[in-house]
Amino acid sequence: MPRTADTDRPIDQTPEWKALASHARRNRARTLAALFAKDRRRAERFTAEGAGLRMDYSKHHVDAETMRLLLALATRAGLKGRIAAMFKGEKLNITEQRAVLHVALRAPKGSSIKVDGVDVVPEVHRVLERMAAFSKRVRSGSWKGATGKRIRNVVNIGIGGSDLGPVMAYKALVHYSERSMNFRFVSNVDGTDFVEAVRDLDPAETLFIVSSKTFTTLETMTNAHTARTWLLAGLKKAAGRSGLPSDATARHFVAVSTNAKEVEAFGIDTANMFGFWDWVGGRYSMDSAIGLSTMLAIGPARFTELLRGFHAMDEHFRTAPLARNLPVIMGLLGVWMNNFLGYPSLAVLPYDQYLSRFSAYLQQLEMESNGKHVTLAGKRVDWDTCPTIWGEPGTNGQHAFYQMIHQGTRIVPCDFITFCKPISGLPHHHDLLVANVFAQAEALAFGKSKAEVRAEGVARELVPHKEFDGNRPSTVIMGERLTPFSLGTLVALYEHKVFTQGTVWQINSFDQWGVELGKVLAKKIIPELAAKKPVVDHDSSTNALINHYRTHRGR
């Protein structure tokens, strides 16, 4: 393991952690209203900028001393050294002996990042160039399906990082997409997902992207085989007596994978297989070949803009002083709220309808990365790690769960995300949208006292119901406009926030062993569903569930 941090000493046993715990106890009664009253320049002091994003974190329960102590904790955790080690290609993913190099996916041509002495940047750009060439053929219509028709429908088949990133990116950037083409996404092994995705599509005009590193992922390959059956049946019906060409599958399927043997066996031309590397985790892969559907939608030039946005935040994270470093500040605020103030969840609330899947994307990015109970040293953690991440776009959420955020018994920190300029061309709508961002953050922070409610002439018996405690923390993140570049900066901001928190918590943010057990057990149960004798090899509950299903499924 790279010696970039004091991982042998539990972080909660360090003087820096204990100092923060003491600081939290001493200041538990302070309010945001008091902090703002004490410092007229508070908003200025607790706002930071980088890579085109502005982050106001003044509505948090922090002062200069809090931030000093948090930065001291980051130093104790070896954050600077860990950042440097990541960019150098050191194998920070110690349980799988892999480098952690999603930053190489957006490194500019001519830069150098090495793994085991080999520069990986040239190979990254070779894949990007192949993706661009393929995208241009499909978008221009020069790529034809088996019947000679151009491709008008693209269906991405994947799961986890092979789905959540592409779905989120497509929805976020649909304004910039080729509107003459349809883009659909299939991930769930539930057959409904596939059936609904292809219900109104012409097989002759449909291209499937099968995204699976090993080309053996159960859900993905089940959907891929169903897609091939659907495609060939449709093409055969349309072709009639003329029959299908032998390469029909190859004209309608491409792969994002590293398993050439399985790709070829499926019927895909390996010339149309786009690879990626074991130093890219699935949830960090949307800017790799996994983003092929994104490039097909927005085109190679705008995909390059997306990569530039990622790289801009990478460079900010790598070079900015920790005290002015956006991902570091976000990460440390999360540690402060989670571990010292006891807030176990975080609501991410993008005030942009295009970011409707951003919170869902972050659920995997954050909770699969930092939902760990074992330290890098292999010992059980004695402190909380990742909070629960959730959220929906505003203003819809205001009419759903904001009641709980404002007046519920649990405090829920919030990240508000918004942009200064609208894409819609309806500036009045955008003013209303952004006004709600500012109003919600203000209401959460300062609330409304009983005296203020009484002063409005509210009936005495209703006063307790209309009082707002306030004192609830939030961050406001603002960009100029939602573009491919700004989406890249925003995603990278959260990626590096995760890295910061994982470093402080002394955990490996880049493996996901917790995903495996259920998958292994499912493989055991699948053949049991077809067994003739009652199943008795599990616990009584699981046995009963399997046997009930077998007798009631109707086949």
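Biologist: Which residues touch the most other members in the largest nonpolar core?
Modeller: Trp279, Phe358, Leu487 and Tyr494 do. That core has 120 residues. Keep in mind that this is a predicted model.

Biologist: Switching to helices. At what angle do the axes of H4 and H14 cross?
Modeller: At roughly 100°. H4 is residues 64-76 and H14 is residues 326-340. Their axes come within 10 Å. The range for roughly perpendicular is 65 to 115 degrees, so H4 and H14 are roughly perpendicular to each other.

Biologist: Which residues make the contact?
Modeller: On H4, Thr66, Met67, Leu70, Leu71, Leu73 and Ala74. On H14, Val328, Ile329, Leu332, Leu333, Val335 and Trp336.

Biologist: How many of those are nonpolar, polar or charged?
Modeller: Eleven are nonpolar, one is polar and none is charged.

Biologist: Now charges. How many salt bridges are there?
Modeller: The count comes to 25. One of the pairs is Glu368 with Arg283, at 2.9 Å from N to O. Glu368 sits in helix H15, residues 358-370. Arg283 is in the loop between strand E9 and helix H12, and the two residues are 85 apart in the chain.

Biologist: Is Arg283 buried or exposed?
Modeller: Buried, because its relative accessibility is 2% and the cut-off for buried is under 20%. Glu368 is partly exposed, with a relative accessible area of 22%.

Biologist: What about Glu205, which residue does it form a salt bridge with?
Modeller: Arg152, with the closest N and O atoms 3.8 Å apart. Glu205 lies in the loop between H8 and E7, and Arg152 in the loop between H6 and E5. They are 53 residues apart. Glu205 counts as buried at 18%, while Arg152 counts as partly exposed at 33%.

Biologist: And where is the partner of Arg184?
Modeller: Arg184 forms a salt bridge with Asp200, at 3.0 Å between the closest N and O atoms. Asp200 is in the loop between H8 and E7, and Arg184 is in strand E6. Asp200 is exposed, at 56%. Arg184 is partly exposed, at 21%.

Biologist: Last one. Which residues are linked in a network of salt bridges?
Modeller: Arg106, Asp287, Asp314 and Glu495.

Conventions:
Residues numbered from 1 in each chain as written. Predicted model: local features only at pLDDT ≥ 70, side-chain atom pairs only at ≥ 80, totals over all residues. Heavy atoms only, no water. Axes fitted to C-alpha atoms, helices over the stretch in contact; angles between N-to-C directions. Helix = DSSP H or I, 4+ residues; strand = E, 2+ residues; numbered from the N terminus. Parallel < 35°, antiparallel > 145°, perpendicular 65-115°, else oblique. Contact = heavy atoms within 4.5 Å. Nonpolar A, V, L, I, M, F, W, Y, C, P; charged D, E, K, R; others polar. Core = buried A, V, L, I, M, F, W, Y, C linked by side-chain atoms within 4.5 Å. Buried < 20%, exposed > 50% of the residue type's maximum accessible area, 1.4 Å probe, protein only. Salt bridge = Lys/Arg side-chain N within 4 Å of Asp/Glu carboxyl O.
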